[in-house]
Structures are given as structure tokens and as C-alpha cells.
Amino acid sequence: MTSRKLSRSSVWLIAGMTVIAAIAFIFVERPVFSKTNRSDDPMATVNGEPILLSEFQRAVQANKARVIDYFHEKYGAGQSASFWTETYGGETPLERLKRTALEESVNLKVQQLIAKEQGVLTDIRYDVFLQNLENENERRAKAIENHEVVFGPAQYTEDAYFEYAMVNAVLSVKKHLAEHDWKPDEPQLKRFYETKKSELYQAPEAVKARQISISFLDADLHADERRKAQAKRKIEAAAAKISNGMAFEQAAKEIGPDGQVAEQSYPLDNFRHNAKSPVAQAASMLQAGEISGIIEENARFYLIQRLENVRAGSRYLAFDAVKDQVSKDYIDDRYAGYVRQRIADARVVVNERLYKTFRM
């Protein structure tokens, strides 16, 4: 496969990258386009592949709110009948919107070209996409009529189906490249981790705690009421000794072989886990040095002491602990860079007449 055919998270992130502004547009005054503005007229071509007016209009609608917010925040511009054609600080909302929509359309067309080269998409014409949308909605309507299970919406809108199709195409491209041409080895992943760890792999804010625990599971790993009563008496005795000044480690020894002492960090940003963990909740509420009451969780009694807070960004997640995520991030980063390069190399020809006369 040639390098041309090799050519976060996500297609929409890539579409918003500022590097797109470096696209060199070639404006052609008299291209071989229709003289009437129809939805099947190309607004531009990317390496000869058309961006239809209907595709461009979709990108315009997708970016309207962003442009409105930009002019409101930067210039205090409010909505009015003349908003889109008014000049603010040398900028015109309509021109900024057209430029943004064209850049996004080029970005998406380049990604479609890549997907076609990789065999993920067989046809990237917009009218084919619209036919696929119609076929999918007909299929869903018939399935619902026949009382069959349908995942997702009963009917896709054009925007929702476009996003669905693009996201799945990009995921398939990344998967194919990750398994073949871009498959990283361990040294590559470690180099990527070292380069990106300050950006991607900082440990979150956490509470560090010392804890004693004792299980009341039987040999079949079932909670046993007799063992539970014994464990409760032992942990209560340990709590009393610790409150009288005994060290955690000594108290654990006196519990016997069933007692365990360890240090544990509980990330404060893991709200879903913490909501289900009485131990994590207790650790987050204690003051430094404070000791909890007896806590029951997962057929085990706990006694914990909060040691310190670990500030966000003060340490990094270990490579081995995040290796799978590093592998995914490596492919995402390489794909993003590849798309940027393909955009920079693309020949983009714009229908100047259609672009200049486009109105909201």
C-alpha cells in the first residue's frame, strides 16, 4: 500500500482544528458547473470529488450557532435583520460562516476520501448518502410495523444519519490502520506516552488512605453470617486499640491472618465509582489524619484513615495501567495528523460564482 493510501474521541474534533484555516482554496470563475444554484451543483471539488451545494448548506446550518456566539462574545453583536451582512471589527458574520462551512466540508470530504481508499466506503457521493438514508428509514419503518426490535431512532434525520455514518466510517478506518499499517509496537507506545503524558495521562485529584480490612466470605466466596459476626468483633477491637494510639499495622497483626492493612488512593473525579463505594465516600469526607468508623463493603469490614490529598497533575498514571488507552490515543493522534496532511496536500477548487452569491 502506498503512503498516499494510508491516506479523539473524533471526526468533529478534527473538523474544528485551526489548521484547516491553512487550506489553499483555488477560486475558479467559470468552472463547468450549472448556471442555476441547485442542490446538486458543486460548491467546490476536493481532488476532483465534488462538495455539493446541499453538503455545503448542511455545514452552514451546523456552524450557524457557533458563528453567532463568536460575534456576540467578541463584538457584543445581537440578532437583527442585518446581522449576517453587518461588519464588525472588519469581519462579516456571513463571510465567516461561509469560510467555516467550506473548511469543514473540505475536512469531511478528505476523511471520506480516506475511507474510500481504505475500502470502508464504496461511494462517497452525497446523493448516494441521501439514498442510503431513505433506505435505512424505510427499513426501520417496516421493522417497527412488523414489531421487530429497532436500535436507535425510529427515523433518522439527515444530520443525525450523516453523523452516524461519518463516526462509524472513521472508527472503521482507524481500526483497519491500527491492525495493519499503523500497528504500534511497545517502544512506539512508550515514546508516545512519554511525549503526551503531561497532556493525557496526569493522575486525577485523589485521596490517599490507610486501611485495615477483614473479610467474612466462606470457602465458596459467599457471605457467612457467623464469620460476619466474628469479623465485626475483631474490627471493633482493632478500632478501639487504634483510637488508644496503636499503629494500624500492629492492630492488623493482632487481628490475625484475616486482617489486611494497605494504602489506597481514591480518585475524586470518579463519581460513578465513588457513589457505589461506601469506603471511597468515607475517604473523601474525612479530614487528614482522621479515622473513620467501621464500614461494610463487598463482604468486608473496613477501618480507614485519611492520609493526604494527591493534587491533580502531581503524578502520572503508570504506563502499564493505561496501555490500552495509550494505544487508542496513539492511533487517534496519528489519524488526526494524517488528515491534516491530506488537507494541506488537497487541491480544492471553489465555484467562485456560487460561493460569492450564497446567502442565508
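The structure is a predicted model, in which local features need pLDDT of at least 70 and side-chain atom pairs count only at pLDDT 80 or more, while totals for chains, interfaces and linings use all residues. Residues are numbered from 1 along each chain as its sequence is written, and side-chain values use heavy atoms, with hydrogens and water left out.

**Helix α7**

- Ala231, Ile235, Ala238 and Ile242 of α7 are buried (buried means under 20% relative accessible area, exposed over 50%, partly exposed in between, with a 1.4 Å probe and protein chains only).
- Seen down the axis of α7, the buried residues fall within an arc of 55°, so they line one face of the helix (the arc is that of the directions from the helix axis to the C-beta atoms).
- Glu225, Arg226, Arg233 and Ser243 are exposed on the other side of α7.
- After α7 comes Gly245, which has a positive phi, near 110°.

**Helices α3 and α5**

- Helix α3 (residues 93–117) packs against helix α5 (residues 158–179) at an angle of about 50°, and their axes are 10 Å apart (axes are lines fitted to C-alpha atoms, for helices over the stretch in contact, and angles run from 0 to 180 degrees between N-to-C directions).

**Gly152**

- Gly152, in the loop between α4 (126–145) and α5, is exposed, with a relative accessible area of 60%.
- The C-alpha atoms of Gly152 and Arg140 are separated by 9.7 Å, and these residues are 12 residues apart along the chain.

Notes: Helices (H or I, at least four residues) and strands (E, at least two) are DSSP runs, numbered from the N terminus.
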